[in-house]
Amino acid sequence: MAFTLPELPYAHDALEALGMSKETLEFHHDIHHKAYVDNGNKLIAGTEWENKSLEEIVVGTYQAGAVAQNGIFNNASQHWNHNLFWDVMGPTGKEIPAKLAEALTAAFGSVEKFKEDFAAAGAGQFGSGWVWLVKDKDGALKITKSENGVNPLCFGQTALLGCDVWEHSYYIDFRNKRPAYLSNFLDKLVNWDAVAAKL
């Protein structure tokens, strides 16, 4: 199944006042994400993966324990990761729904403690990668982090929230201040209604 670049669910300038500039979205969505789509399509053409779903490709090409993942996985996983990333941000949904707040409090002690731990995990991810709020196979909410394009699908987890900590995600707006980017992401960019819908 060919990968397609989704339209952003909001205008390129919709997050400007919330800390993510039009320029960042033009580079990040229109160039970086498009490259994963284009390269992924080239790599799966004529292979056993050509007619598989995106999720099947991510799970099927992931190599546990590998120092570096293969090209099909890298592009497919990054396509999946970015689809989720655009979906969990937006100009609306700034109040955390009660059921999500309750779940976060039960898992982490409080919503604020969740935010603190999520930001710390993202700041502590060495090099490029992602930080996630996941529902594990046992139903428990957990914060995880992953290198490069590795994502929760690889471990049988459900991703509720994901934040891109590759530098291209924040360098235009925050330069090298990853902790400030993460705090801004949680406080201003996340659409908590979209996160709650994944519970």
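Let me begin with D164, which counts as buried at 0% relative accessibility; buried here means under 20% relative accessible area, exposed over 50%, and partly exposed in between, with a 1.4 Å probe and protein chains only. The model is predicted, so local features need pLDDT of at least 70 and side-chain atom pairs count only at pLDDT 80 or more, while totals for chains, interfaces and linings use all residues. Residues are numbered from 1 along each chain as its sequence is written, and side-chain values use heavy atoms, with hydrogens and water left out.

D164 lies in strand β3, residues 158-164; strands are DSSP runs (E, at least two residues) and helices likewise (H or I, at least four), numbered from the N terminus. Leaving aside residues up to four places away in sequence, D164 touches H28, H82, F85, G129, W130, S169 and Y181, where contact means heavy atoms within 4.5 Å.

I turn now to H82, in helix α3, residues 71-87. H82 is buried, with a relative accessible area of 0%. A polar contact of 2.9 Å links its side chain to that of H28.

What does the record say? UniProt, in an unreviewed entry, places the feature "binding site" at H28, H82, D164 and H168. They span 141 residues in sequence, yet no two of their C-alpha atoms are more than 12.4 Å apart, so they gather at one spot. UniProt positions follow the numbering used here, feature names are shortened, and annotations may be inferred rather than shown by experiment.

Technical notes:
A polar contact is a pair of N or O atoms within 3.5 Å; within protein, one must be able to donate a hydrogen and the other to accept it, and residues adjacent in sequence count only if both atoms are side-chain atoms.
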